[in-house]
Amino acid sequence: MSRLLQRMQRHLDLKYSAVRPLVEGRITRLIGLTLEAVGLQVAIGDNCEIQVRPGVRVEAEVVGFSGDRIYLMPLDSIDGLQPGARITPLGGAGQVDVGPGLLGRVLNGVGKPLDGKGPIEATERVSLGGEVINPLNRHPIERTLDVGIRAINSLLTVGRGQRLGLFAGSGVGKSVLLGMMTRYTEADIIIVGLIGERGREVKEFIEHNLGAAGLARSVVVASPADDSPLMRLRAAQLATRIAEYFRAQGRNVLLLMDSLTRYAQAQREIALAVGEPPATKGYPPSVFAKLPRLVERAGNGATGGGSITAFYTVLTEGDDQQDPVADAARAILDGHVVLSRRLAEQGHYPAIDVEASISRAMPAIVGEGHLALAMRFKQLMSRYQQNEDLITVGAYSKGSDADTDFAIERMPVLRSFLQQSLNEAKPMAQCIQELSMVLSPPPKPSMGNPAAVTPVAGVRR
């Protein structure tokens, strides 16, 4: 009897042991970008490994299910996949290597190096998902961040921990502007996410826009347009996770993501592939749910910790500022910088439309004098734009409005102030000083030549 009890006890110990047999599934169907599998016990977000052909395995992520059917999205190409291919669960969400050894490196969407400099020297391994910060524990935006761009420093001042959108169509200089920020910013660490862009632009951005000095304190995560939509999503999440790691170390991080629109398009491809119905202009609801989840991970940490100041480029299709992604991004960001095609065609770089742009954190982080100068500058630009047609054809009568007269007089100086050479850095203090100078009336001629004096009535400073 005792022997029977011992055998039963061993059976119970084995049944409730932490060791579980490895359960493999098989692929039953391939539809577009989506794989269907059966025989798996997995959850949304879990990773699996597919044996595409002998010696070739591809990682995939669980993106949906229906009954006993599991929907997966592969990270890489699955050329050669056959019906019934084996699929093995790998566990929960992905883990990534982080550490100071990431600086100066170029990675793909899963953290593997693309620069041929050998393996990453990591100090720890963290979850890709990151941690949610209680909004009441975040340190408020109180300090400015110098990005080295005169138009932004003076008129659209950025605060540490602020999140802004860079709204632009194609070919108006957004990549060049991002490259200038990486070289001239006072941030400690720069994280660059190149999501869904042309493969040619990745190397050009690193060599021409970023440069050796910028790369030395940067981490670049690149996922070009020919990557799978899941890889593009992972790249955006990885860039954000690396920024979170350095913020946790007390560093001030500048996160530049190009672009948020490609991230939304990648999620649209995945959602449509698993059967989610389209809503606004072909974008399923899950797209607009994922955007704030990604953006809210940036910002300030707890008091005394680091910060993530983020710029997300938003592609406006056909220069339409009411594009669904652009409209959603504008609502969840702390400001937006609009690049104008009209200015770019005039050779005006950076092509920042200061009238259409705004920094919501600026009133809280700059002095009253600086804020008054910035508002005065925008008022003069707006007054000139309102009367530009009359001024161009010579129908405007001088003396009709003092502000318009002053705007006409100072317009060449104001436009020159907004332009900046690619290799020219403008510190914050210098920008404020120059802003005060361009808004000051020009010195009056000597009284020895009174005929040359042209008084301007009602000019406000």
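This is a predicted model: local features need pLDDT of at least 70, side-chain atom pairs count only at pLDDT 80 or more; totals for chains, interfaces and linings use all residues.

Me: Why is Ser223 called buried?

Reply: Buried means under 20% relative accessible area, exposed means over 50%, and partly exposed lies in between (1.4 Å probe, protein chains only). Ser223 has 0% relative accessibility, so Ser223 counts as buried. Across the chain, buried residues make up 49% of the 461 residues.

Me: What makes Glu355 partly exposed?

Reply: Glu355 has a relative accessible area of 35%, so Glu355 is called partly exposed. Glu355 is found in the loop between α9 (341-345) and β19 (358-359).

Me: How do you know which residues Ser223 touches?

Reply: Contact means heavy atoms within 4.5 Å. Not counting residues up to four places away in sequence, Ser223 touches Leu194, Ile195, Gly196, Glu197, Met231, Arg232 and Ala235. Gly196 is 27 residues from Ser223 in sequence, with 5.8 Å from C-alpha to C-alpha. Glu355, with the same exclusion of residues up to four places away, touches Met381, Ser382 and Gln385.

Me: What share of the contacts in the chain with a separation of 6 or more comes from residues 24 or more positions apart?

Reply: Such residues account for 72% of those contacts.

Me: What makes β14 a strand in the listing that holds Ser223?

Reply: Helices (H or I, at least four residues) and strands (E, at least two) are DSSP runs, numbered from the N terminus. Ser223 is found in strand β14, residues 218-223. By that count the chain has 14 helices and 19 strands.

Me: How do you find the largest pocket, and how much space lies in it?

Reply: On a 1 Å grid over the protein atoms alone, a pocket is an open set of points where a 1.4 Å probe fits, with protein on both sides within 12 Å along at least five of seven lines; lining residues have an atom within 4 Å of a point. The volume is the space filled by probe spheres set on the points, which are joined across faces, edges and corners. The largest pocket holds about 570 Å³. It is lined by 25 residues, and the closest to its centre are Glu61, Leu233, Gln237, Lys290 and Arg293.

Me: What makes up its lining by class?

Reply: Ala, Val, Leu, Ile, Met, Phe, Trp, Tyr, Cys and Pro count as nonpolar, Asp, Glu, Lys and Arg as charged, and the others, Gly among them, as polar. The lining of the largest pocket divides into twelve nonpolar, seven polar and six charged residues.

Me: Why is the bond from Tyr349 to Pro350 worth a look?

Reply: Most peptide bonds are trans. The one from Tyr349 to Pro350 is cis, with omega near -5°, and Pro350 is found in the loop between α9 and β19. The bond from Asp258 to Ser259 is cis too, with omega near 15°.

How values were computed
Residues are numbered from 1 along each chain as its sequence is written. Side-chain values use heavy atoms; hydrogens and water are left out.
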